[in-house]
Amino acid sequence: MIDAHTDAVQFETHLLDHRRQYRTGRVTLRLRSDEDVVGLRKQVRERAVTLALSLVDQTKLVTAASELARNTIKYGGGGEVHLDALDDGMRKGIGLLFVDAGQGIPDIGNALRDGFTTGGGLGLGLGGSKRLVDEFDIDSRPKEGTAVLIIKWKR
Amino acid sequence: MERIPILRMGDLLLVTIQVDMHDRLAMQLQDDLTERIVSDSAKGVLIDISALDLVDSFIGRMISNTAAMARVLDARTVVVGMQPAVAITLVELGLTLHGVKTALNVEKGMALLGKSYR
């Protein structure tokens with residue numbers, strides 16, 4: 001676990017302030033290696049269990065986290081993920097914000113389309129993750145970096 | 001290096017995945033299985049994923065690739081024991097494991113491979 005401000009990730013995105021009013025308990029994890037992805041999956045699972053998400057919703061959120069963490073490492077050259085507990089007064093949820101300072105995504109519309117890949121993968125990561133969560137937001141700028149926010153609310 | 005064990009039973013290879021696989025481990029398993037199919041002259045591969053609480057696109061692709069490689073090497077692959085939540089998530093993610101035979105449990109998987117060990 002690291003402090004968000006000490007890491008090398010410099011990409012400033014409006015998503016960093018997204019839902020600031022609802023969020024508590026932010027934890028930031030570094031994403032550099034395969035093992036970091038497994039560590040994140042474990043943390044997300046624990047939080048999802050604590051929030052008493054259904055087993056299907058837990059699995060969807062952990063799977064989306066796994067896909068996006070891999071993207072951060074593979075395409076973003078590594079970065080970090082912020083885990084937030086969300087509460088808007090009506091419902092509780094989990095927010096994950098992935099940030100890297102990589103090359104950015106030139107065409108987000110294309111990148112969200114199933115089957116589109118520049119890395120030899122299946123091209124399901126971004127579009128697939130979007131389908132697995134309740135809210136999805138992305139901010140990417142060429143040569144600056146990419147930020148992806150996902151939220152799963154407790155039903 | 002960390003590895004997932006592969007057991008041989010007659011002309012079958014059996015794998016039970018019981019750890020949260022990182023990507024290198026998944027690739028290692030794919031390579032190991034392909035080599036063992038040839039070195040053991042295996043006719044079938046049974047992969048038990050009942051202990052896996054997540055199959056993402058990388059693991060899904062590893063499973064599909066392994067099945068395709070096994071087919072080229074004259075062996076059949078059956079994946080057994082997928083948890084319902086994992087199945088729902090896989091399909092919504094957009095992965096259909098095309099070309100991979102599945103069964104609900106090991107016994108039914110064995111039957112698909114034409115084996116009975118009752």
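The expected span of a helix is 1.5 Å times one less than its number of residues. Helices (H or I, at least four residues) and strands (E, at least two) are DSSP runs, numbered from the N terminus. The model is predicted: local features need pLDDT of at least 70, side-chain atom pairs count only at pLDDT 80 or more, and totals for chains, interfaces and linings use all residues. Residues are numbered from 1 along each chain as its sequence is written, and chains are lettered from A and ligands numbered from 1 in the order in which they are written.

**Exercise 1.** Compare the reach of α2(B) with its expected span.

Solution. Take residues 57-72 of chain B, 16 residues. From first C-alpha to last, α2(B) reaches 22 Å. That is close to the expected 22 Å. Just after α2(B), Asp74(B) has a positive phi of about 65°.

**Exercise 2.** Describe how α4(A) packs on α3(B).

Solution. Start with the axes, lines fitted to C-alpha atoms over the stretch in contact, with angles from 0 to 180 degrees between N-to-C directions. Helix α4 (residues 125-132) of chain A meets α3 (residues 84-93) of chain B at about 125°, axes 8 Å apart. So α4(A) is oblique to α3(B) (under 35 degrees is roughly parallel, over 145 roughly antiparallel, 65 to 115 roughly perpendicular, the rest oblique). Next, list the contact (C-beta atoms, placed from the backbone, within 7 Å). Gly128(A), Arg131(A) and Leu132(A) face Thr89(B), Glu92(B) and Leu93(B).

**Exercise 3.** Which element gives the most to the side of chain A that touches chain B?

Solution. The contact takes 22 residues from chain A and 18 from chain B. On chain A, α1 (34-50), α2 and α4 each give two or more. α2(A) gives the most, with 9 residues.

Note on methods
Contact = placed C-beta atoms within 7 Å.
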